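Welcome, and take a moment to look over the sequence and the model. A short tour follows.

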Amino acid sequence: MQNNSNQININTTQEQKEEPCKTCLYTGIATCTGLSAYFVKMALLDLPESGSEKVMREAMKQKRFLLAFGGVWAMAGVYRWHLG
(Lines give C-alpha, C1' and ligand atoms only; values in the text may rest on other atoms or scores of the structure.)
Protein backbone atom coordinates (compact mmCIF):
# COMPACT_ATOMS: atom_id res chain seq x y z
CA MET A 1 0.00 0.00 0.00
CA GLN A 2 2.74 2.44 0.91
CA ASN A 3 4.70 1.63 -2.26
CA ASN A 4 1.67 2.54 -4.37
CA SER A 5 1.33 5.98 -2.72
CA ASN A 6 5.03 6.66 -3.29
CA GLN A 7 4.62 5.75 -6.95
CA ILE A 8 1.71 8.20 -7.26
CA ASN A 9 3.76 10.99 -5.65
CA ILE A 10 6.66 10.36 -8.04
CA ASN A 11 4.35 10.41 -11.06
CA THR A 12 2.67 13.68 -10.06
CA THR A 13 6.04 15.36 -9.49
CA GLN A 14 7.27 14.26 -12.90
CA GLU A 15 4.12 15.58 -14.54
CA GLN A 16 4.54 18.93 -12.83
CA LYS A 17 8.16 19.22 -13.97
CA GLU A 18 7.32 18.45 -17.60
CA GLU A 19 4.65 21.13 -17.81
CA PRO A 20 6.16 24.30 -19.35
CA CYS A 21 5.63 27.60 -17.62
CA LYS A 22 3.91 29.94 -20.09
CA THR A 23 4.57 32.99 -17.92
CA CYS A 24 8.31 32.31 -17.95
CA LEU A 25 8.22 31.78 -21.71
CA TYR A 26 6.39 35.03 -22.42
CA THR A 27 8.54 36.98 -19.97
CA GLY A 28 11.73 35.70 -21.60
CA ILE A 29 10.49 36.46 -25.09
CA ALA A 30 9.31 39.95 -24.08
CA THR A 31 12.65 40.70 -22.40
CA CYS A 32 14.66 39.65 -25.43
CA THR A 33 12.36 41.56 -27.78
CA GLY A 34 12.54 44.68 -25.64
CA LEU A 35 16.33 44.61 -25.45
CA SER A 36 16.58 44.02 -29.18
CA ALA A 37 14.26 46.94 -29.94
CA TYR A 38 16.15 49.18 -27.52
CA PHE A 39 19.55 48.52 -29.12
CA VAL A 40 18.18 48.92 -32.66
CA LYS A 41 16.53 52.20 -31.61
CA MET A 42 19.83 53.41 -30.15
CA ALA A 43 21.65 52.49 -33.36
CA LEU A 44 19.18 54.18 -35.68
CA LEU A 45 17.90 57.18 -33.73
CA ASP A 46 20.32 58.14 -30.97
CA LEU A 47 23.63 58.43 -32.83
CA PRO A 48 24.72 61.73 -34.40
CA GLU A 49 23.78 62.33 -38.04
CA SER A 50 26.57 64.77 -38.78
CA GLY A 51 29.87 65.87 -37.32
CA SER A 52 33.58 65.70 -37.94
CA GLU A 53 35.11 62.74 -39.72
CA LYS A 54 36.37 61.29 -36.44
CA VAL A 55 32.94 61.56 -34.82
CA MET A 56 31.21 59.95 -37.80
CA ARG A 57 33.75 57.12 -37.96
CA GLU A 58 33.14 56.38 -34.28
CA ALA A 59 29.37 56.63 -34.77
CA MET A 60 29.51 54.06 -37.59
CA LYS A 61 31.44 51.65 -35.35
CA GLN A 62 28.88 52.09 -32.61
CA LYS A 63 26.01 51.70 -35.06
CA ARG A 64 27.36 48.37 -36.35
CA PHE A 65 27.92 47.13 -32.80
CA LEU A 66 24.47 48.17 -31.61
CA LEU A 67 22.74 46.62 -34.63
CA ALA A 68 24.68 43.38 -34.14
CA PHE A 69 23.89 43.36 -30.42
CA GLY A 70 20.20 43.98 -31.17
CA GLY A 71 20.28 41.09 -33.63
CA VAL A 72 21.82 38.80 -31.03
CA TRP A 73 19.02 39.64 -28.57
CA ALA A 74 16.43 39.03 -31.30
CA MET A 75 17.95 35.62 -32.00
CA ALA A 76 17.94 34.87 -28.26
CA GLY A 77 14.22 35.65 -28.18
CA VAL A 78 13.56 33.35 -31.11
CA TYR A 79 15.61 30.61 -29.46
CA ARG A 80 13.67 31.09 -26.22
CA TRP A 81 10.42 30.76 -28.15
CA HIS A 82 11.77 27.64 -29.87
CA LEU A 83 12.59 26.03 -26.53
CA GLY A 84 8.99 26.55 -25.49
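This is a predicted model: local features need pLDDT of at least 70, side-chain atom pairs count only at pLDDT 80 or more; totals for chains, interfaces and linings use all residues.

Residues are numbered from 1 along each chain as its sequence is written, and side-chain values use heavy atoms, leaving out hydrogens and water.

**Overall make-up**
- The protein has 3 helices and 0 strands, where helices (H or I, at least four residues) and strands (E, at least two) are DSSP runs numbered from the N terminus.
- Of its 84 residues, 14% count as buried (under 20% relative accessible area; exposed is over 50% and partly exposed in between, with a 1.4 Å probe and protein chains only).

**Helix 3**
- Helix 3 covers residues 53-83, and its 31 residues should span 45 Å at 1.5 Å a residue (1.5 Å times one less than the number of residues).
- The end C-alpha atoms of helix 3 are 45 Å apart, which agrees with that span.
- Its buried residues are Ala59, Leu66, Gly70 and Gly77, and what covers them includes helix 2 (22-45).
- Just after helix 3, Gly84 takes a positive phi of about 75 degrees.

**Leu44**
- Leu44 is found in helix 2.
- Is Leu44 buried or partly exposed? Leu44 is partly exposed, at a relative accessible area of 44%.

Note on methods: Contact means heavy atoms within 4.5 Å.
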